[in-house]
Amino acid sequence: MAGGGHRRSPKQARVIILIVRGTCGIGSGRCPATRKRIRDVFDLNQLEAATTIVRAAIPPTPQYAWPLLGKRIGAEVWVKHENHTPTGAFKLRGGLVYLDHVVQLGDAGRGLITATRGNHGQSIPCAAARHGVAVTVVVPNGNAVEKNAAMEAFGARLVVYGSDFDEAREEAERLGDAEGLAMVPSFDSLLVRGVATYALEFFNAVKDLDTVYVPIGMGSGVCGLITVRDLLGLETKIVGVVSTKAPAYALSYEAGHVVTTNSARTFADGVACRVPSPDALEIICGGAARIVQVSDDEVAEAMRVYHSDTHNMAEGAGAAPLAALMQERERMQGKRVGVILCGGNVDSAVYAAVLAGKTPSV
Ligand SMILES: Cc1ncc(COP(=O)(O)O)c(C=O)c1O
């Protein structure tokens, strides 16, 4: 999945409450002194209800403090293994909660349609299949072959269109209108609520985390972590991670308003965002400690480190948090730190090239 705008239904728009705050909260981006912050995306009761929905399909994922990783960094490094879900990525949590609400409201209509680079596109058909709802997924040309195969295996009708995510998204909207299919956005409060269930698991399992690193594509993961951290009253710093080749969220965080880029050509396709969500940016500006940019070389190195130190396979976006931690190694000495290994869906050829010491080009 990667970035473009999104359409929020009137129902979902009501879920998000905007509160004007006087300061930037704990975020250090150059946000305006008086600005809005999205609060009450969900409360703890709603989060527990979301956990019940998620639990029907996903047991709690493990978190391990791998000793080799800790030794390498000089810190206690806890990995949250979101690569160990039925789709190999955290996104399924959001899909399950989204589908549950859509089906309960009778809004699935003639089926759903969405656009994706991959993990969102596995999440929605996997979740929809549990309710017998048909899903069409539009991907751009050149999308990961094995992610495409997995989407189809979960029952999606796959449509290949356009040169990047945004062109695929526009086609999904056109096709959805033409065929009467309901569009599933890439960022939505229900998706955040579902994804946030991993944050609750992580914070409950590992106490006193100093910092957690999480990648930002459209922002559901980082917004989930920030919101749960705040709901639990914790001091943990949340650090967002983007690619130097797709820095839209980092630029937006610094500017305090949405800044788009013309390209997002990173092999870490999960963070290939050009157009940030204003709603996600509100939460990130209010609650993220900083945003770190990592190069494709650093991401490839982090994938190799995951392999050698834990023997887990991480896709580019999944390894980006570790890449950021490796960049900030000195700053994190002796601390208890978390990294979200949020996906392991990388094509075999790409992974082979990375393990051979190369950085894939796009
Ligand atoms: C593996 C992986 N990491 C990170 C992201 C970015 O997630 P978000 O859109 O929640 O920021 C994605 C998005 O699809 C992903 O697949």
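Predicted model: local features only at pLDDT ≥ 70, side-chain atom pairs only at ≥ 80, totals over all residues.

**Entry 1: overall.** I looked up the secondary structure and found 14 helices and twelve strands. Of the 362 residues, 56% count as buried. Among contacts between residues at least 6 apart in sequence, I noted that 76% join residues at least 24 apart.

**Entry 2: helix H5.** I turned to H5 (residues 119–129) and found this helix mostly covered, with ten of its eleven residues buried. The buried residues are Asn119, His120, Gly121, Gln122, Ser123, Ile124, Pro125, Cys126, Ala127 and Ala128. When I asked what covers them, the answer included helix H4 (91–104), S5, S6 and H6.

**Entry 3: the four-stranded sheet.** I traced an open sheet in the order S7-S6-S5-S8, with parallel pairing. S7 and strand S8 (182–183) stand at its edges, and each has a single partner strand, so one side of each is left without a neighbour in the sheet. H5 packs on this sheet, touching strand S5 (112–115) and S6, and its direction makes about 175° with that of S6. I then followed helix H7 (residues 165–179), which lies across S5, S6, S7 and S8 and runs at about 165° to S5.

Thr136 has Arg157 of S7 as its bridge partner, while Val139 has Val160. With helix H6 (residues 145–153) between them in the unit, S6 and S7 make a right-handed β-α-β unit.

**Entry 4: the six-stranded sheet.** The other sheet I looked up is open as well, in the order S3-S4-S12-S9-S10-S11, and its pairing is mixed. Strand S3 (63–65) and S11 are the edge strands, each with a single partner, so one side of each is left without a neighbour in the sheet. Direction ignored, neighbouring strands here are turned by 25° against each other on average. Strand S9 (residues 211–215) runs parallel to S12 and is joined to that strand by three bridges, and I noted Thr211 opposite Val337 in S12. H13 packs on the sheet, touching S9, S10, S11 and S12, with its direction at about 135° to that of S9.

**Entry 5: helix H12.** I checked the span of H12 (residues 296–310), whose 15 residues reach 21 Å from the first C-alpha to the last, close to the 21 Å expected at 1.5 Å a residue. Its buried residues are Asp296, Glu298, Val299, Ala300, Ala302, Met303, Val305 and Tyr306. These pack against helix H3 (67–73), strand S10 (237–243), strand S11 (288–294), helix H13 (316–327), strand S12 (336–341) and helix H14 (348–355). Just after H12, I found His311 with a positive phi of about 55°.

**Entry 6: H2 against H8.** At what angle do the axes of H2 and H8 cross? I read roughly 95° for helix H2 (residues 44–55) and helix H8 (residues 189–205), with the axes coming within 9 Å. The two helices are therefore roughly perpendicular to each other. On the H2 side the contact is made by Gln46, Leu47, Ala50, Thr51 and Val54, and on the H8 side by Arg193, Gly194, Ala196, Thr197 and Leu200.

Key. Residues numbered from 1 in each chain as written. Expected span 1.5 Å × (residues − 1). Buried ≥ 20, exposed ≤ 12 C-beta atoms within 10 Å, placed from the backbone. Contact = placed C-beta atoms within 7 Å. Pairing = 2+ DSSP bridges. Right-handed = clockwise from strand over helix to strand, strands pointing away. Axes fitted to C-alpha atoms, helices over the stretch in contact; angles between N-to-C directions. Parallel < 35°, antiparallel > 145°, perpendicular 65-115°, else oblique.
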